[in-house]
Amino acid sequence: MKKILRSRKGFTMVELIATLAITAIFFTMITILFATVMNTYASSIKLSDSIIANKTILTAVKQELPFATDIKISEDAKSIEYTSQTYGMGCSLGIMREGMPDWSEQTNGVPVIFTSTGVVPLMFREHVNKNIVAFKFSLNGNVLTLDIDNGSAHTSVSMGLINMPEEVSHD
């Protein structure tokens, strides 16, 4: 029994502290790496959602506006009024903001077409990135350009207007 107690086999306190320090450094590096990967993943998802949202809006706009007539771009270039082949006279395209007809918390920031019979959302609220910043319309001859900037992605499309009036007015 005395022989077992006197045995010097085992780890010293210095060895145990050094092992704990190395293990702590290892797990700290793993945690930092994991956090970096998760942040990169979240940024990628946000960018991907923004690009999908922009493409969805552009698809709807490209189906609606080429055949529009009586086009009027607002002074701030954030919306456009027109006569639609689908919805008739008095349509406008813009982003739903507080104070507009049919506004609610669920429709805030949703790109919509305002028609004489109501509001047509171009996409659902859950698919709209909360930071859609702006639509910007511009017209050069018979080519209408729409820029969408939502903070994460910028998309631009130009389209020829089939039923181009002699003169397009800017409010």
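Alanine 77 sits in the loop between S1 and strand S2 (80-84), where helices (H or I, at least four residues) and strands (E, at least two) are DSSP runs, numbered from the N terminus. Its phi is near 65 degrees, a positive value in a residue other than glycine. Most residues other than glycine have a negative phi. Alanine 77 has a relative accessibility of 11% and so counts as buried; buried here means under 20% relative accessible area, exposed over 50%, and partly exposed in between (1.4 Å probe, protein chains only).

Aspartate 70 also shows a positive phi, near 50 degrees, and again the residue is not a glycine. Aspartate 70 belongs to strand S1 (residues 69-73). With a relative accessible area of 47%, aspartate 70 comes out as partly exposed.

All of this is read from a predicted model, in which local features need pLDDT of at least 70, side-chain atom pairs count only at pLDDT 80 or more, and totals for chains, interfaces and linings use all residues. Residues are numbered from 1 along each chain as its sequence is written, and side-chain values use heavy atoms, with hydrogens and water left out.

As for confidence, the average pLDDT (the predictor's confidence in each residue, from 0 to 100) is 78 for the chain, and 77% of the residues score at least 70.

Taken as a whole, the chain holds two helices and nine strands, and its elements run α-α-β-β-β-β-β-β-β-β-β from the N terminus on. H2, with 52 residues, reaches 76 Å from its first C-alpha to its last, close to the 76 Å expected at 1.5 Å a residue; the expected span is 1.5 Å times one less than the number of residues. The buried residues of H2 are Ser50, Ala53, Asn54, Ile57, Leu58, Ala60, Val61 and Glu64. An α-helix has 3.6 residues a turn, so residues three or four places apart point the same way.

Of the 171 residues in the chain, 29% count as buried. The accessible surface (Shrake-Rupley method, 1.4 Å probe; for residues, only the protein chains shown count as cover) comes to about 11,600 Å², with 61% of that belonging to carbon and sulfur atoms. Among contacts in the chain with a separation of 6 or more, 40% come from residues 24 or more positions apart.

How values were computed:
Contact = heavy atoms within 4.5 Å.
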